[in-house]
Amino acid sequence: MSTHARAPSVFLLALLAVPTFACGDTDTNAPTTNLNGTFLLRAIDAKPLPITLTGARIPVQFVITADTLLFDEAGTFEQRTIAPGHPTLGINGAFALRGDSIFLLERITGALAANGIVAGDSLHLRSLTAHDFPNHEWAYIRVR
């Protein structure tokens, strides 16, 4: 037995703690969810639109009047937030599903921007620090 045994690296431990971000889930018991299409924002923090939030990257108040999330079969998403008097805000990147859980990864930094739950035609997300408006609950409904 070697006396130079090494402890697992911090990087390896962090990697093991992160959920697997693959578009295909190997769990055959997981529900199959097809997110392709458009979801419209219905509420933020259980309050209907319009709602006023302060931006993270641009620390001014925005009156949000509309927001859409677009998902495609390639595993990418695009979020667009409308706040009159301001340029259209939004993020885009990749999404991953694991059972009924969804994870949105911001394209430029690769950071986790939001995570949440998919329930039929409803989508509930918690925005995280990589999001334009972090620490809010976003409720969407699919447009048919």
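Me: As what does Arg 80 count, judged by its relative accessibility?

Reply: Arg 80 counts as partly exposed, at 27% relative accessibility; here buried means under 20% relative accessible area, exposed over 50%, and partly exposed in between, with a 1.4 Å probe and protein chains only. The model is predicted, so local features need pLDDT of at least 70 and side-chain atom pairs pLDDT 80 or more, while totals for chains, interfaces and linings use all residues. Residues are numbered from 1 along each chain as its sequence is written, and side-chain values use heavy atoms, leaving out hydrogens and water.

Me: With which residue does Arg 80 form a salt bridge?

Reply: Side chains of opposite charge can pair when their charged atoms come close. The term salt bridge requires a side-chain nitrogen of Lys or Arg within 4 Å of a carboxyl oxygen of Asp or Glu. Arg 80 has Glu 78 as its partner, and their closest N and O atoms are 3.4 Å apart. Glu 78 is also partly exposed, with a relative accessible area of 32%.

Me: How many salt bridges does a search of the whole structure find?

Reply: The search finds three. In one of them, the side chains of Arg 142 and Asp 121 meet at 3.0 Å, N to O. This pair links distant parts of the chain, 21 residues apart: Arg 142 belongs to strand β11 (residues 137-142), and Asp 121 to the loop between β9 (112-119) and β10 (122-127). Strands (E, at least two residues) and helices (H or I, at least four) are DSSP runs, numbered from the N terminus. Arg 142 is buried, at a relative accessible area of 12%, whereas Asp 121 is partly exposed at 31%.
Another salt bridge joins Arg 126 to Glu 137, with 3.1 Å between the closest N and O atoms. Because Arg 126 lies in strand β10 and Glu 137 in strand β11, this pair ties together parts that are 11 residues apart in sequence. Both partners are partly exposed: Arg 126 has a relative accessible area of 29%, and Glu 137 reaches 39%.

Me: What are the elements of the protein chain, from the N terminus on?

Reply: The order is α-β-β-β-β-β-β-β-β-β-β-β, which comes to one helix and 11 strands. Of the 144 residues, 33% count as buried.

Me: Which residues have the most contacts inside the largest nonpolar core?

Reply: In soluble globular proteins, nonpolar side chains tend to be buried together. A nonpolar core is a set of buried Ala, Val, Leu, Ile, Met, Phe, Trp, Tyr and Cys residues joined through side-chain atoms within 4.5 Å. The largest core here has 27 residues, and Leu 69, Phe 71, Ile 102, Leu 104, Leu 123, Leu 125 and Trp 138 have the most contacts inside it. Strand β7 (residues 89-98) gives the most to this core, namely four residues.
Contact means heavy atoms within 4.5 Å.

Me: Which residues form the covered face of strand β5?

Reply: In a regular strand the side chains alternate between the two faces of the sheet. In β5 (residues 66-71), the covered face holds Asp 67, Leu 69 and Phe 71, and the uncovered one Ala 66, Thr 68 and Leu 70.

Me: With which strand does β5 pair over six bridges?

Reply: Two strands pair if DSSP finds at least two bridges between them. Strand β6 (residues 76-82) pairs with β5 in the antiparallel sense over six bridges, and Leu 69 stands opposite Gln 79 in β6. The hairpin of β5 and β6 has four residues between the strands, and Gly 75 takes a positive phi near 85° there. Strand β1 (residues 37-44) also pairs with β5 in the antiparallel sense, over four bridges, with Phe 39 opposite Leu 69.

Me: Which residues make the nonpolar surface patch?

Reply: Patches consist of residues with over 30% relative accessible area and no salt bridge, like charges being joined within 9 Å and nonpolar side chains (Val, Leu, Ile, Met, Phe, Trp, Tyr) within 5 Å. Leu 40, Ile 141 and Val 143 make a patch of about 200 Å², with areas from the Shrake-Rupley method and a 1.4 Å probe, only the protein chains shown counting as cover for residues. Leu 40, in strand β1, is partly exposed at 34%. Val 143, in the segment after β11, is partly exposed at 39%. Leaving aside neighbours within four places in sequence, Val 143 is in contact with Thr 38 and Leu 40.
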